[in-house]
Amino acid sequence: MKERWIQLLIFFILMAILWWFYAINSLNYKKIKELQYSITQHPELLPEKDIVAYTSFGFSNLRADIYWLETIQYIWGNAIHSEYKKYLYSILDLITELNPFFEKPYIIWQLLLPSFNERYETLTWDDQELNKLQAEKIGLKGIENFCNKEKIERIKNEPDLKKIWSEEIYKNPCKTPDIAFWQGFLYYFYFKDPLQSALYYKIASAHDDALDGA
């Protein structure tokens, strides 16, 4: 009889422990969802990128992935009148700080941030100029993280395209050609700077898998 009571006591203790774990995890889940909602709806509350980098404890890439998914939600939830552009720089700068070799945020930034359509956007001229400068900044950050500086300098100083396309010392200067390609697009269409545009198209064209347009 005594053993029976001991077994029941152990059973109830285990059930109490399991219930406690369930309650704590439920609270944590609720808190995480509240945090996610807060980030997607109020990105101005994002932590400073330096603080996030120092507190990631080896999970920087995972945190970058989470912020990336939340960025997609943020863009989708604020697409009307391009309100998402207000904090897009801050969000993507944070992501590329956590994971400098995550390519998609750079390209999204280069494509979305400088664009403007007066039919449904209400951005001031100053806002548009700021967005272009921020797009340029993220593109250059991508070039710095994805490209070989020595090869970039060689390409910059070589006017003969045939050499750039054929000689090994120029080939594949970046991990991929895409960031350089869209940086060239940015300078040509938004900054009206054909010289800078030509440089980045040259860099893109030096890749084996370069886009035909380069």
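Which residues have the most contacts inside the largest nonpolar core? They are Ile95, Trp109 and Ile203, in a core of 36 residues. A nonpolar core here is a set of buried Ala, Val, Leu, Ile, Met, Phe, Trp, Tyr and Cys residues joined through side-chain atoms within 4.5 Å; buried means under 20% relative accessible area, exposed over 50%, and partly exposed in between (1.4 Å probe, protein chains only).

The model is predicted: local features need pLDDT of at least 70, side-chain atom pairs count only at pLDDT 80 or more, and totals for chains, interfaces and linings use all residues. Residues are numbered from 1 along each chain as its sequence is written, and side-chain values use heavy atoms, with hydrogens and water left out.

Helices are DSSP runs (H or I, at least four residues), numbered from the N terminus. Those that each supply at least two residues of the core include H3 (60-77), H5 (103-112), H6 (125-146) and H10 (194-205). H4 gives the largest share, seven residues.

Leaving aside neighbours within four places in sequence, Ile203 is in contact (heavy atoms within 4.5 Å) with Ile152, Ile155, Pro173, Cys174 and Ala180. Ala180 is also among the buried residues of H9, as are Ile179, Phe181 and Leu186. The cover over the buried residues of H9 includes H5, H6 and H10. H9 has 12 residues and spans 16 Å from first C-alpha to last, close to the expected 16 Å, which is 1.5 Å times one less than its number of residues.

Glu150 belongs to helix H7 and counts as exposed because its relative accessibility is 55%.
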